[in-house]
Amino acid sequence: MTAKKRVLLVGLQPDLIDYSNPAYAAFPGLDANKVQAALDADAAQLNAMGYDAHLCLTDFGATAEAVIRGKLQATPYECVLVGAGVRTIAPNFLLFEKLLNVIHTHAPQARLCFNTRPDDTAAAVQRWV
């Protein structure tokens with residue numbers, strides 16, 4: 001029996017996001033409940049497809065690096081997906097850069113992938129694992 005491929009889904013804690021901020025205009029109509037539901041659905045879909053998917057939600061930087069470092073040191077992952085909310089929102093650029101370096105240092109064997117919207121997370125993972 002083959003072990004399930006472990007996938008870490010990195011994103012922002014939905015309840016910390018200011019959805020009224022113009023930087024989030026590309027994602028109209030979102031709120032913390034909708035974002036959390038989409039994240040949970042992504043993990044559930046990947047698990048149903050045979051992966052071992054885990055959410056890793058961070059703040060905007062105070063503890064983000066430590067949270068991800070802890071996850072990566074505790075469990076080896078074959079794939080780490082960094083969500084669009086971290087990557088595509090201009091004010092989050094430095095956070096994205098810091099998180100990539102943590103991932104590179106603590107999971108150099110992991111494939112990196114990136115979704116473009118909540119409903120293409122599984123496709124992003126499937127491209128690499």
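These legends describe close-up views of a predicted model. Local features need pLDDT of at least 70, side-chain atom pairs count only at pLDDT 80 or more, and totals for chains, interfaces and linings use all residues. Residues are numbered from 1 along each chain as its sequence is written, and side-chain values use heavy atoms, with hydrogens and water left out.

**View 1. Strand 1 pairs with strand 2.** Strand 1 covers residues 6–12 and strand 2 covers residues 52–58. Strands here are DSSP E runs of at least two residues; helices are H or I runs of at least four; both are numbered from the N terminus. The two strands run parallel and are joined by seven bridges. Strands count as paired if DSSP finds at least two bridges between them. G11 has L57 of strand 2 as its bridge partner. Six of the seven residues in strand 1 are buried. Buried means under 20% relative accessible area, exposed over 50%, and partly exposed in between, with a 1.4 Å probe and protein chains only.

**View 2. A β-α-β unit contains strand 1, helix 1 and strand 2.** The unit is right-handed. That term applies if, with the strands pointing away from the viewer, the path from the first strand over the helix to the second runs clockwise. Helix 1 spans residues 32–48.

View 3. Strand 3 holds residues 79–82 and runs parallel to strand 1, with four bridges between them. L9 stands opposite L81. V10 has V82 as its bridge partner. Four bridges also join strand 3 to strand 4, again in parallel. Here C79 stands opposite R111. C79 and L81 point one way from strand 3, while V80 and V82 point the other way. All four are buried. In a regular strand the side chains alternate between the two faces of the sheet.

**View 4. F96 and F114 form an aromatic pair.** The model has one such pair. Rings of Phe, Tyr and Trp (its six-membered ring) pair if their centres lie within 6.5 Å; planes under 30 degrees apart count as stacked, over 60 as edge-to-face and the rest as tilted. This pair is edge-to-face, at 6.1 Å centre to centre and 75° between the planes. F96 sits in helix 4 (residues 93–106) and F114 in strand 4 (residues 111–114), 18 residues apart. F96 is buried, at 14% relative accessible area. F114 is partly exposed, at 28%.

**View 5. The largest pocket is lined by 25 residues.** On a 1 Å grid over the protein atoms alone, a pocket is an open set of points with protein on both sides within 12 Å along at least five of seven lines; lining residues have an atom within 4 Å of a point. The volume is about 410 Å³. V35, L39, A84, G85 and P118 lie nearest the centre. Helix 1 gives the largest share of the lining, five residues. Strand 1, strand 2 and helix 3 (84–87) are among the elements that each supply at least two. The lining divides into 17 nonpolar, five polar and three charged residues.

**View 6. V67 lies in helix 2 (residues 64–74).** V67 is partly exposed, at 31% relative accessibility. V67 and F93 are 26 residues apart in sequence and 18 Å apart in space, C-alpha to C-alpha.

Technical notes: 1 Å grid on protein atoms, 1.4 Å probe; cavity = no way out; pocket = protein on both sides within 12 Å on 5 of 7 lines; lining within 4 Å. Points joined across faces, edges and corners; volume = space filled by probe spheres on them. Nonpolar A, V, L, I, M, F, W, Y, C, P; charged D, E, K, R; others polar.
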